[in-house]
Amino acid sequence: MNIYDKSLNDLCANLQITKSDKEYYKFEKLVTVVNQAYLKIVLKEFNYIKTKNPKKKIVSNFNFLMSLYNKHLREHQVMFLLFNIFETAIRSKAVIELSLKYSSNGNDDWLHNSSLTPNKIIRPLQEAKNKIIHDGENINNLDSFEIFDYIMLGQLQSIYIDFWNDLSHLFLAKTINGINFPQIGKRAFEKTFEEIRKARNDNAHHKPFHKTRKRRHQIIEDIELILIHIGFNLNDAINNIDSQHRIIKLKYS
């Protein structure tokens with residue numbers, strides 16, 4: 001059985017329909033264009049709903065299934081934006097802190113002047129340079145923000161750890177709006193960042209949250225906590241992408 005037939009047969013078996021079903025032709029097309037991992041999830045939800053409430057009237061199996069699928073798609077899209085917010089904020093904060101520390105007075109030259117560039121960043125900087133050259137850009141025309149855009153999230157994670165002496169002050173204990181936030185230590189930060197990075201990579205590759213990793217609310221809480229420490233107001237940002245906070249439920253706002 002080829003992959004197309006297998007997917008279609010699994011769907012029909014779960015929905016308990018045959019080729020004679022009036023919507024069969026829709027499902028024939030559906031299995032070729034949807035995310036199969038999410039499809040499997042919504043088929044389980046479909047079966048659970050019908051089993052739990054057998055009297056529930058479903059006028060269109062296709063429309064009902066798509067409503068469940070689109071719910072997960074919306075969650076995926078909102079989380080994608082959240083990860084983007086996190087990555088942008090944590091990246092920009094590192095650029096500001098490190099450029100001010102290592103550049104000559106009043107300049108942004110720490111990544112251009114080899115006498116100022118710390119050894120700890122030479123490897124990711126060289127990889128960034130290779131990408132910049134591949135894009136036909138001249139690194140000498142780029143500022144630190146633009147250069148850091150070429151640094152991958154995993155490399156950014158390593159930069160925070162390698163430059164912990166320069167960045168750890170961001171994660172000291174503090175009180176904001178009457179809430180006490182404990183210090184985030186180096187090991188705790190690295191572990192938290194790693195969990196966020198893995199979840200972000202799953203999201204970027206259109207995968208549902210892996211069952212062996214943290215649940216969505218835990219990842220959101222971790223992101224919120226780190227962003228609070230670096231002075232980013234996540235509540236304002238979320239209002240633009242999930243105004244009713246149905247998906248992103250903040251703990252501290």
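## Helix 7 against helix 9

Angles here run from 0 to 180 degrees between N-to-C directions, with each axis a line fitted to C-alpha atoms. In this predicted model, the axes of helix 7 (residues 153-162) and helix 9 (residues 186-204) come within 10 Å and cross at roughly 175°. Since angles over 145 degrees count as roughly antiparallel, that makes helix 7 roughly antiparallel to helix 9.

Who does the touching? On the helix 7 side it's Leu153, Gly154, Gln157, Tyr160 and Ile161, and helix 9 brings Lys186, Phe189, Glu190, Phe193, Glu194, Arg197 and Arg200. Sorted by type, the contact residues come out as 5 nonpolar, 2 polar and 5 charged.

## Salt bridges

Searching the whole structure turns up 9 salt bridges. One of them pairs Glu87 with Arg200, with the closest N and O atoms 3.2 Å apart. Glu87 sits in helix 4 (residues 61-102) and Arg200 in helix 9, so this pair ties together parts 113 residues apart in sequence. Glu87 is buried at 14% relative accessible area, while Arg200 is partly exposed at 24%.

Glu221 and Lys251 also pair up, again with closest N and O atoms 3.2 Å apart. Here helix 10 (residues 216-229) is linked to the segment after helix 11 (234-238), 30 residues apart. Shared partners also join Glu87, Arg91 and Arg200 into one salt-bridge network.

## A local pair in helix 5

Arg123 and Glu127 meet in a salt bridge at 3.9 Å, N to O. They're 4 residues apart in helix 5 (residues 122-134), so about one helical turn separates them. Arg123 is exposed at 65% relative accessibility, and Glu127 is partly exposed at 31%.

Notes:
Residues numbered from 1 in each chain as written. Predicted model: local features only at pLDDT ≥ 70, side-chain atom pairs only at ≥ 80, totals over all residues. Heavy atoms only, no water. Helix = DSSP H or I, 4+ residues; strand = E, 2+ residues; numbered from the N terminus. Parallel < 35°, antiparallel > 145°, perpendicular 65-115°, else oblique. Contact = heavy atoms within 4.5 Å. Nonpolar A, V, L, I, M, F, W, Y, C, P; charged D, E, K, R; others polar. Salt bridge = Lys/Arg side-chain N within 4 Å of Asp/Glu carboxyl O. Buried < 20%, exposed > 50% of the residue type's maximum accessible area, 1.4 Å probe, protein only.
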